[in-house]
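Thanks for coming. I have one structure to go through today, so please look at it while I talk.

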Amino acid sequence: MDSRTAFCGTLLLLVILLPVSANASSKLYIVYMGEKRHDDPSMVTASHRDMLTSVFGSKDEALRSIVYSYKHGFSGFAAMLTESQAETIAKFPEVVTVKPNTYHETHTTRSWDFLGLDHNQPGQQPGLLRKAKYGEDVIVGVIDTGIWPESRSFDDNGYGPVPARWKGKCQTGQDFNATSCNKKIIGARWYGRGISDEVLNRNYKSPRDIEGHGTHIASTIAGREVQGVSYGGLGMGVARGGAPRARLSIYKVCWLGGSCPEAAVLAAIDDAMHDGVDVLSLSIAGAGHEFPGTLHAVQRGISIVFAGGNDGPVPQTVANALPWVTTVAASTIGRSFPTLISLGNNEKLVGQSLHNNASVIRGDFKDLVYAGSCDTESSLALSNVTGKIVLCYQPVAARSMPPRQALPIAINLTTMAGAKGLIFAQYTTNLLDFLSLCRGVMPCVVVDFEIAQRIASYWSWVKGNAVVKVSPAMTVVGKRGVVAEGRLILVERSKHVVP
């Protein structure tokens, strides 16, 4: 083989291999271009394609690279790019920012009464909800994990025609057809582009919610009144949203096992602006920076409502603190679920739980074991927790792992180790939502450090002969609550926000 033939062969090999190498090193980038320069969405999209074509040198490759084109409320796109291609695009004068796609995490029958927004007030005392006609025909867009349309919270019986200004659509898919939308759920979209097949196969390829977070958020905002709701008898009451007559448009961007890609969130914001929503709710972590599309939505008169996050109680843990959006802290409410913990020395202590089924823990007292932080299988195995109630308490470890991260781990590991109950200690007891993981398996109780120390002292004193009994929880209603995390609900088109 002569040198020329060898060179040509090498060149041909490079031509074949280079696209593979480029694809292997490419990742999803978000290109934000600010205000759109054309009213026609197709012209906006064409400008995106032209820019990418100039970078790729091929129109076909440019088209293949685009994942989302933002064309209704603002201009930009999400595309698969190499680092050098992203750097090239960042130099275009019309480009504002180029950044890698990031992933975000998702953030009572009594909540609204606790806030003073009573639904059924005497006629002579017209409250805010009545004045606002219970959110009649406000269209709320919920960007989250989707929706479970069969829930009674979304029954459209008694609703009039969909507002004429609505331009959205009801996308169908797996276990979600056109009849899944109604006069309550007037729109539904899902965003699966750029999501791996592995993640998609674990989820519904449709607006249907597999996780429950989006359904919970939507019902909290605009769920209609449903009588006699409880959690196995706990917290019995009427479930309803803050604006029970509002309409809903659902944008599924968050995936079980795949978080909430920012590229999809921006696509949902862009579509919602086109669809005609009055309010957008995003109970999604902001990862310390802005979602660019939100400013454009606010400029169009759309209220943007974010949750402030679940972290703390240390400083500077509030997320989504942008000046043009409303960031709302949820709160615990004046209701608790005290659970009696009886020790073998006749001491009675109180924690909180959702334990409501005495059949999941038979008999009276059970052996008690103190297993430290309960964050490894080996520590639980050494403690021999099988058939026992486990105290998980280690203040030092609590400093390095947030309670909302540590509790699910402790539940999973103690269950796998064959424990018959869990007493979990942390500096915050606002963890009841995670305790549902124990339902039907074993009682799980959250206690503060002071209570945990008293249990640990008893365990140490009796030297291996400690026993404990966990009684079913009760429902207690009071008047005070503590600010934690949350969201805001809109009740009237002209006055959207209820503080």
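**Loops, core and a pocket**

I will start with a loop. Asn-346 sits in the loop that links strand E16 (338-343) to strand E17 (348-353). Before going on, please keep in mind that this is a predicted model.

What is the phi of Asn-346? It is about 75°, a positive value, although the residue is not a glycine. As background, most residues other than glycine have a negative phi.

Asp-175 is another residue to look at here. Its phi is near 55°, again positive in a residue other than glycine. Asp-175 belongs to the loop between strand E6 (139-144) and strand E7. With a relative accessibility of 52%, Asp-175 also counts as exposed.

The largest nonpolar core has 37 residues. Which residues have the most contacts inside it? They are Tyr-68, Tyr-70, Ile-143, Val-253, Ile-269 and Leu-280. At least two residues of this core come from each of strand E1 (27-32), E2, E6, H9, E12 and strand E13 (303-307). Helix H9 gives the largest share, nine residues. There is also a second, separate core of 20 residues, and Cys-181, Ala-188, Leu-248 and Ile-250 are included in it. In general terms, nonpolar side chains in soluble globular proteins tend to be buried together.

Leaving out residues up to four places away in sequence, Ile-269 touches Phe-74, Ile-143, Leu-280, Leu-282, Phe-291, Gly-293 and Thr-294. Two of the names in that list, Leu-280 and Leu-282, bring us to strand E12.

E12 is covered on both faces. Val-279 and Ser-281 are buried on one side, and Leu-280 and Leu-282 are buried on the other. On the general point, side chains in a regular strand alternate between the two faces of the sheet.

What does E12 pair with? E6 and E12 pair in the parallel sense, over four bridges, and Ile-143 stands opposite Leu-282 in that pairing. E12 and E13 also run parallel, joined by four bridges. There the partner of Leu-282 in E13 is Phe-306.

Pro-292 lies in the loop between strand E12 (279-282) and helix H10 (293-299). Is Pro-292 buried or exposed? It is buried, because its relative accessible area is 5% and buried means under 20%. Beyond residues up to four places away in sequence, Pro-292 touches Tyr-32, Glu-262 and Leu-266. The C-alpha atoms of Pro-292 and Ile-269 are separated by 9.6 Å, and the two residues are 23 apart along the chain.

Last, the second largest pocket. Its volume is about 340 Å³. How many residues line it? There are 18, and those nearest its centre are Tyr-68, Lys-71, Tyr-191, Arg-193 and Asp-271. Strand E2 (66-70), strand E7 (185-190) and helix H9 (262-275) each give two or more residues to the lining. E2 supplies the largest share, five residues. By class, the lining has seven nonpolar, five polar and six charged residues.

Note on methods
Residues are numbered from 1 along each chain as its sequence is written. This is a predicted model: local features need pLDDT of at least 70, side-chain atom pairs count only at pLDDT 80 or more; totals for chains, interfaces and linings use all residues. Side-chain values use heavy atoms; hydrogens and water are left out. On a 1 Å grid over the protein atoms alone, a cavity is a set of points where a 1.4 Å probe fits but cannot get out, and a pocket is an open set with protein on both sides within 12 Å along at least five of seven lines; lining residues have an atom within 4 Å of a point. Grid points are joined across faces, edges and corners, and a volume is the space filled by probe spheres set on the points. Ala, Val, Leu, Ile, Met, Phe, Trp, Tyr, Cys and Pro count as nonpolar, Asp, Glu, Lys and Arg as charged, and the others, Gly among them, as polar. Buried means under 20% relative accessible area, exposed over 50%, partly exposed in between (1.4 Å probe, protein chains only). Contact means heavy atoms within 4.5 Å. A nonpolar core is a set of buried Ala, Val, Leu, Ile, Met, Phe, Trp, Tyr and Cys residues joined through side-chain atoms within 4.5 Å. Two strands pair if DSSP finds at least two bridges between them.
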